[in-house]
Amino acid sequence: MLWTVLFALLLILVLQTQMFVCLKELRTRHSTLSFSSSSSRSSSSSSSYNKTQQRLPGAIIIGVRKGGTRALLEMLNLHPDVEVAKAEVHYFNVEEHYRRGLDWYRSQMPLTSSGQLTLEKTPGYFASPPVPERVWNMNPAVRLLLIVRDPAVRLISDYTQVLHNRLTRHKPYQPLEELLLHNGQIDPGYKALQRSLYYHHLTQWLDVFPKKQIHVVDGDALIRDPFPELRKAERFLKLSPRINPDNFYLNTTKGFYCLLSDGHDKCLDESKGRPHAPLSAQVLRKLCRYFEQPNKMFFEMIGRSFSWC
């Protein structure tokens, strides 16, 4: 009888111990779930509060090379509702980059809030045949900025940049006239010349995009007096007018306008405003005559004209 009582007491003790362990486990799980739920709510609340993320661009400066794309990008970046990709991405015109897909392209963009415009610029896009359709496939509603300047001046600036890069690497480079002329006539095969045939490249874009989605910026006017061109660009991009004449001042040493915002000034790097390579007056006249008809065709396409050459 005594052994039976002792065995019953021992069994009750074991059951109480197991019950205690189970209750402790249930409390721990409940505490963990509550904390997890609280953390989730906190994280959700934080995400809701902080909506910045990398977005595909709503606008792209597509060119032209040596037309003032960097100046235009930096000036538009003065606007509080604009965030820009700091480097040229070359997504649509470099096959290696394009194969990486839109997620890679998006990863090259700045962080923006939902009300801000993401802007990137790659001047190589304008003259690259596959690019217009690729941009359309990315976003048919994207707004495109094309900044142009006198095509002869652009060509000389293009050559000057290549010449400087070659000399920096201690590599020889032909004089401009040797590249530009063949048997005393303008050589249409010279690449820098082809980039200045604006009508040809714009035709490829207008085959894909309606004209209203492409805004032409006067690059020469942007150098002389930036504010009017920036105000037109703001309207095209559907931005509130936040850029003012006070955001610009003429740097007499550099010979072009610098930017001023919140008490801080910024000038473009030394490569901008670099003295152009020489070209004789005779060859320049030939070049201007060569561009007369292509320029006329370009003016008809955009419905406005410029005083070039």
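Modeller: A pocket here is an open set of grid points with protein on both sides within 12 Å along at least five of seven lines. The model is predicted.

Biologist: How much space lies in the second largest pocket?

Modeller: The lining of this second largest pocket includes Glu74, Lys86 and His264. The space in the second largest pocket comes to about 170 Å³.

Biologist: Which strands each supply at least two residues of the lining of the second largest pocket?

Modeller: Among the lining residues are Leu259, Leu260, Ser261, His264, Asp265 and Lys266. Residues 256-261 form one of the strands in question and 264-266 the other; these are β11 and β12.

Biologist: How many residues of that lining are charged?

Modeller: Glu74, Lys86, Asp262, Asp265 and Lys266 are among the lining residues. The lining divides into three nonpolar residues, three polar ones and, as charged residues, five.

Biologist: Which strands stand at the edges of the open sheet?

Modeller: Five strands form the sheet with parallel pairing, in the order β3-β5-β2-β6-β9. An edge strand has a single partner, so one side of it is left without a neighbour in the sheet; this holds for β3 (82-84) and β9 (214-218).

Biologist: In β9, what is the bridge partner of Val148?

Modeller: Strand β6 covers residues 143-148 and pairs with β9 in the parallel sense over five bridges. Val148 has as its bridge partner in β9 the residue Asp218.

Biologist: What angle does the direction of helix α11 make with that of β9?

Modeller: Helix α11 (residues 226-236) packs on the sheet and touches β6 and β9. Its direction and that of β9 make an angle of about 175 degrees.

Definitions and conventions:
Residues are numbered from 1 along each chain as its sequence is written. This is a predicted model: local features need pLDDT of at least 70, side-chain atom pairs count only at pLDDT 80 or more; totals for chains, interfaces and linings use all residues. Side-chain values use heavy atoms; hydrogens and water are left out. Two strands pair if DSSP finds at least two bridges between them. Helices (H or I, at least four residues) and strands (E, at least two) are DSSP runs, numbered from the N terminus. Contact means heavy atoms within 4.5 Å. Axes are lines fitted to C-alpha atoms, for helices over the stretch in contact, and angles run from 0 to 180 degrees between N-to-C directions. On a 1 Å grid over the protein atoms alone, a cavity is a set of points where a 1.4 Å probe fits but cannot get out, and a pocket is an open set with protein on both sides within 12 Å along at least five of seven lines; lining residues have an atom within 4 Å of a point. Grid points are joined across faces, edges and corners, and a volume is the space filled by probe spheres set on the points. Ala, Val, Leu, Ile, Met, Phe, Trp, Tyr, Cys and Pro count as nonpolar, Asp, Glu, Lys and Arg as charged, and the others, Gly among them, as polar.
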